[in-house]
Amino acid sequence: MSNSDLADEDLLGYLDESLPVERMSEVETALRKSDVLRQRAAMLLRRRDDGYHSVGEIWRRHRLSCPSRRLLGSYLLDALDGAEKDYVDFHLRTVGCRFCAANLHDLEESMNQTPQVEQRRRKFFQSSAGHLRSLRSE
Ligand SMILES: [Zn+2]
């Protein structure tokens, strides 16, 4: 990875420990290898502490509109209705919220370790199938 691949947001995200685990270690590796990058990170931190650099601030404010962890969990299980799913989609893909991406990654990991996940998924599908059937019969 070259230094130019790293955006200020990545560095700040790293400093805030708010990046997904893999990204954290990528940034850490890059920082270890490069004096220039470490200087840039130190500068960003100083600027932000002075209130000059506001990426972190914007990001923190933005976090207020984050979907709940429960909503993210349902999103992973594909158990949301259209509007909720659109909202989470938008938040993750268009806004590209790192906090939620990390959260989602976490949830994914823990779900993969849960044997009941298939069962739960099936239950969700069954209830939405039932819901669809009841709509159709109206
Ligand atoms: Zn978010």
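The largest nonpolar core in this predicted model has nine residues, namely Leu6, Leu11, Leu12, Tyr14, Leu19, Val27, Ala30, Ala41 and Leu44. The elements that each contribute two or more residues to this core are α1, α2 (21-33) and α3 (35-49), and the largest share, three residues, comes from α1. A second, separate core of seven residues includes Tyr75, Leu80, Cys100 and Leu104. In soluble globular proteins, nonpolar side chains tend to be buried together.

**Overall architecture**

- The protein chain contains eight helices and zero strands, so that, when it is read along the sequence, its pattern is α-α-α-α-α-α-α-α.
- Of the 138 residues in the protein chain, 15% are buried.

**Leu15, at the end of α1**

- Leu15 belongs to helix α1, which covers residues 8-15, and it touches Ala41 and Leu45 when residues up to four places away in sequence are left out of the count.
- Ala41, one of these two partners, is also a member of the largest nonpolar core.
- Leu15 itself is partly exposed, because 17 other C-beta atoms lie within 10 Å, whereas a buried residue would need 20 or more.
- Between Leu15 and Val27 there are 9.8 Å in space, taken from C-alpha to C-alpha, for a spacing of twelve residues in sequence.

**Helix α7 and its buried side**

- Helix α7 (residues 98-112) has 15 residues, and the 21 Å from its first C-alpha to its last is close to the 21 Å expected at 1.5 Å a residue.
- The buried residues of α7 are Arg98, Cys100 and Leu104, and because they cover an arc of only 160 degrees around the axis, they lie on the same side of α7.
- An α-helix has 3.6 residues a turn, so residues three or four places apart point the same way.
- The buried residues of α7 pack against α1, α5 (69-76) and α6 (82-94), and two of them, Cys100 and Leu104, are included in the second core.
- On the face of α7 that is turned away from the buried side, the exposed residues are Glu109 and Ser110.

**The packing of α5 against α6**

- Two packed helices are described by the angle between their axes and the distance between the axes.
- For α5 and α6 the packing angle is about 100 degrees, with the axes 10 Å apart, which means that α5 is roughly perpendicular to α6.
- In this pairing, Leu71, Leu72 and Tyr75 in α5 meet Glu84, Lys85 and Val88 in α6, and Tyr75 is also included in the second core.
- Helix α6 has 13 residues and reaches 17 Å from its first C-alpha to its last, close to the 18 Å expected at 1.5 Å a residue.

**Backbone positions with positive phi**

- Asp78 lies in the loop between α5 and α6, and although it is not a glycine, it has a positive phi of about 60 degrees.
- Asp78 counts as exposed because it has 11 C-beta neighbours inside 10 Å, where the limit for an exposed residue is 12 or fewer.
- Gly96, which follows α6, likewise has a positive phi, in this case near 65 degrees.

How values were computed
Residues numbered from 1 in each chain as written. Predicted model: local features only at pLDDT ≥ 70, side-chain atom pairs only at ≥ 80, totals over all residues. Helix = DSSP H or I, 4+ residues; strand = E, 2+ residues; numbered from the N terminus. Contact = placed C-beta atoms within 7 Å. Expected span 1.5 Å × (residues − 1). Arc of directions from axis to C-beta. Core = buried A, V, L, I, M, F, W, Y, C linked by C-beta atoms within 7 Å. Axes fitted to C-alpha atoms, helices over the stretch in contact; angles between N-to-C directions. Parallel < 35°, antiparallel > 145°, perpendicular 65-115°, else oblique.
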